[in-house]
Amino acid sequence: MTRKPPAEDPGDARLRIGPPKEYAAGLPAVTSSLRHAGEQMGARRSLLTLLRVNQKEGFDCPGCAWPEPDHRHKAEFCENGAKAVAEEATVRRVTPEFFAEHTLEDLLPRSDYWLGQQGRLTHPMYRPAGADRYRPISWDEAFAVIARELGALDHPDQAAFYTSGRASNEAAFLYQLFVRGFGTNNLPDCSNMCHESSGSALVETIGIGKGSVSLEDLYEADLILVVGQNPGTNHPRMLSALERAKQQGARVIAVNPLPEAGLLRFKNPQKPSGVIGGGTKLADQFLQIRLGGDQALFQAFNRMLLEAEDESPGSCLDTSFIERYTHGFEEFAEHARKASWEEILQATGLPEEEIRTAFGHVLAAKKIVVCWAMGLTQHKHSVPTIRDVVNFLLLRGNIGRPGAGLCPVRGHSNVQGDRTMGIYEKPDAAFLDRLGAEFAFTPPRRHGHDAVDSIRAMRDGDVKIFVALGGNFVAAAPDTDLTEQALRRCRLTVQISTKLNRSHVIAGEQALILPCLGRTEADLRPGGPQLVSVEDSMGMVHLSRGRLAPASEHLLSEVAIICRMARATLGEADPQVPWEEFEADYDRIRDRIERVIPGFEDFNARVRQPGGFALPHPPRDERRFTTSTGLANFTANALESPKVPPGRLLLQTLRSHDQYNTTIYGLDDRYRGIRQGRRVLFLHPDDLTERGLADGDMVDIVSEYGDGVERRAPAFRAVSYPTPRGCCAAYFPETNVLVPLDSTAAISNTPTSKSIVVRLEQLRPEGVRLERV
């Protein structure tokens, strides 16, 4: 499979490369935020909108899920948050006239950046079977198309209903209720492709698939390990929390294949000293680990902790915690003592003395927090890796203790809340019992398709209708060409969206675009303005209040779209769900949520408290572990790491700084020194030389997987960069084409986007030179 670069990609003629930055934020972050906001919204609209972001009486940032502190700055947003708000609150519009001018064939070669820059969708649009473009359709007609096609299926499992992490709690709850009322658990979501490995490992070991820390825990920690994560770009407000932790005495160890500017030094733009001063050095130590070597590092730590306890009994491990709250310690300890230093050093690529220096920080710390993101979750052995992180913290009682614990840093702003609301293809029986009792129906019990299995089912003709509540599934999914072929096989694809994206261009036989309100916009109903709620990455639930006038009078809220879709589809067969009441008054949705989902008691009152409320977390709150053993489970995990044949490289896909998930804000990656381009491959200078390449040569990237299919991402600039030997990196979604659909993490089925074996094939275009500045 070969992925052609977009026809209008500005590409290499304008690409400039400079040295990586040694700090994040500061004055450049301020000017970049204002420039993006001004270009999309204008000065006055920017000021009115940005000052409401993440405020207690404002709206939740549509970007990341990092929590807000109790005492908030007047500008409680980061550079990428400002870009996310600007993208949604833009004054640019995609009207029916746009679709009249552009066929799907016209739009197909356009880049993700170009598509996103066209602006907000204004009208529901329909592509009939055989048509070459979308045309306007009324809302009633659109829902009739959905009801007709869903009703014509042989079985409800022939439909899949995807959810993006930007859906509110209220929309997510109603969406899963509709889908289960229709008769299926086919509820793939963006978690399947990102943090599913975290949930799988944590449910097994501590009984709940969520992190165990609050912001206050980070401030109280002695040591924070930031592993497989780039907070400077992906959730920059985390840098403020790390800065405060440093000021209160914490040490920070950064573990990552690439040196990330935000973990080297942070210039806090909310402080004068951060704008004009030198900022704060965050990482006390940087471990530049090989891709997929993190499990080996934690196995080394675990072995050394056991050995330190052997040398001085009672001085290192929290034996009382282990005896009272854990299960499986002896089996784990026997296995951990056998960890091979030879295998550890080979997997990590680190000198032993660097690991032992880091272990010195571990021994000196009583309260430890481990933070991680997709650098840990998107490998074949991700679940065992995270289990070994849990082992590491259990050894010293660092779960359920203030200033310590597990901190998986989620992506989109309500991705964790969607799962809490029941967006899950493998629901537990207790949840289904409560849902069925509340709405007097029998929910389906058989497990549904996750994201990867949904693609397989569409490819094989077993799923014929695909509905997406937000997101850009085509750009987010692995194996891009196969995913596109699968969606085109569908009888109907439905995209509930705010902006134009790649998934609208890759249409089924019939296709609908249903434009919805964004977070920034007022949701006005006859009974008054409606509020929605979200859950952040640390289990805090709070309200979000949009204030801007909607981008079009033809928009509906996500809640309204779901309610009307359900009424049209289920009709008289669904008398127990008051869809019209839910659409009119979201408090009524919250009343029903509290009766179905534990932790939401008195939901409407508590969520209106300033800052909202924290959901219960038994391991954190009570040191109670609802696992199969009733205790926190130690696990013995075989050491794994990617094996790369001679002459090949291990590729990770990543974001640029002008990007959030699949949304491309611009063509720069300031912290890595990239300007005006995205088709860039970062690799070690010695790996360039070994392949006979010069800095700036053009290459095709070809992934190698054992299914005989060639997956090729063409025309990338090979750029000398401080990566570990044998490892390279490039931006997604451009390189998602290289991720085989069947290459997934064991247990979680998450695509292995951080460990793709590739080879490079050199190209020799005439008259194009790389400009380094």
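Let me start with the surroundings of Tyr 219, which, once residues up to four places away in sequence are set aside, touches Pro 69, Ala 241, Arg 244, Ala 245 and Gln 248. Please keep in mind throughout that this is a predicted model. Tyr 219 itself lies in helix H10, residues 215–220, and its relative accessible area is 8%, so it counts as buried, the limit being under 20%. For a sense of distance, Tyr 219 and Ser 111 are 108 residues apart in sequence, and their C-alpha atoms are 42 Å apart in space.

A second residue I would like to show you is Gln 158, which sits in the loop between helix H7 (139–151) and strand E7 (159–163). Is Gln 158 buried or exposed? With a relative accessible area of 14%, Gln 158 also falls under the 20% limit and is therefore buried. If we leave aside its neighbours within four places in sequence, the contacts of Gln 158 are Leu 153 together with Asp 462, Val 463, Lys 464 and Ile 465.

Let me turn now to a pair of helices, H23, which covers residues 429–439, and H30, which covers residues 586–596; they pack with their axes 9 Å apart and at an angle of about 135°. That angle makes H23 oblique to H30, because it belongs neither with the roughly perpendicular range of 65 to 115 degrees nor with the roughly antiparallel angles over 145. The crossing of these two helices, H23 and H30, is right-handed. Which residues of H23 and H30 meet there? On the H23 side they are Phe 431, Arg 434, Leu 435, Glu 438 and Phe 439, and on the H30 side Arg 592, Arg 595 and Val 596. Sorted by class, the contact of H23 with H30 has four nonpolar and four charged residues, and no polar ones.

Finally, there is an open sheet of three strands, arranged in the order E21-E22-E23 with antiparallel pairing. Its edge strands are E21 (532–535) and E23 (613–614), each of which pairs on one side only. Strand E22, residues 540–544, runs antiparallel to E23 and is joined to it by two bridges, and if you look along E23 for the bridge partner of Met 540, you will find Ala 614. Helix H8, residues 169–182, packs on this sheet, where it touches both E21 and E22, and the direction of H8 makes about 90° with that of E21.

How values were computed. Residues numbered from 1 in each chain as written. Predicted model: local features only at pLDDT ≥ 70, side-chain atom pairs only at ≥ 80, totals over all residues. Heavy atoms only, no water. Helix = DSSP H or I, 4+ residues; strand = E, 2+ residues; numbered from the N terminus. Buried < 20%, exposed > 50% of the residue type's maximum accessible area, 1.4 Å probe, protein only. Contact = heavy atoms within 4.5 Å. Axes fitted to C-alpha atoms, helices over the stretch in contact; angles between N-to-C directions. Parallel < 35°, antiparallel > 145°, perpendicular 65-115°, else oblique. Left-handed = near helix turned anticlockwise from the far one by under 90°. Nonpolar A, V, L, I, M, F, W, Y, C, P; charged D, E, K, R; others polar. Pairing = 2+ DSSP bridges.
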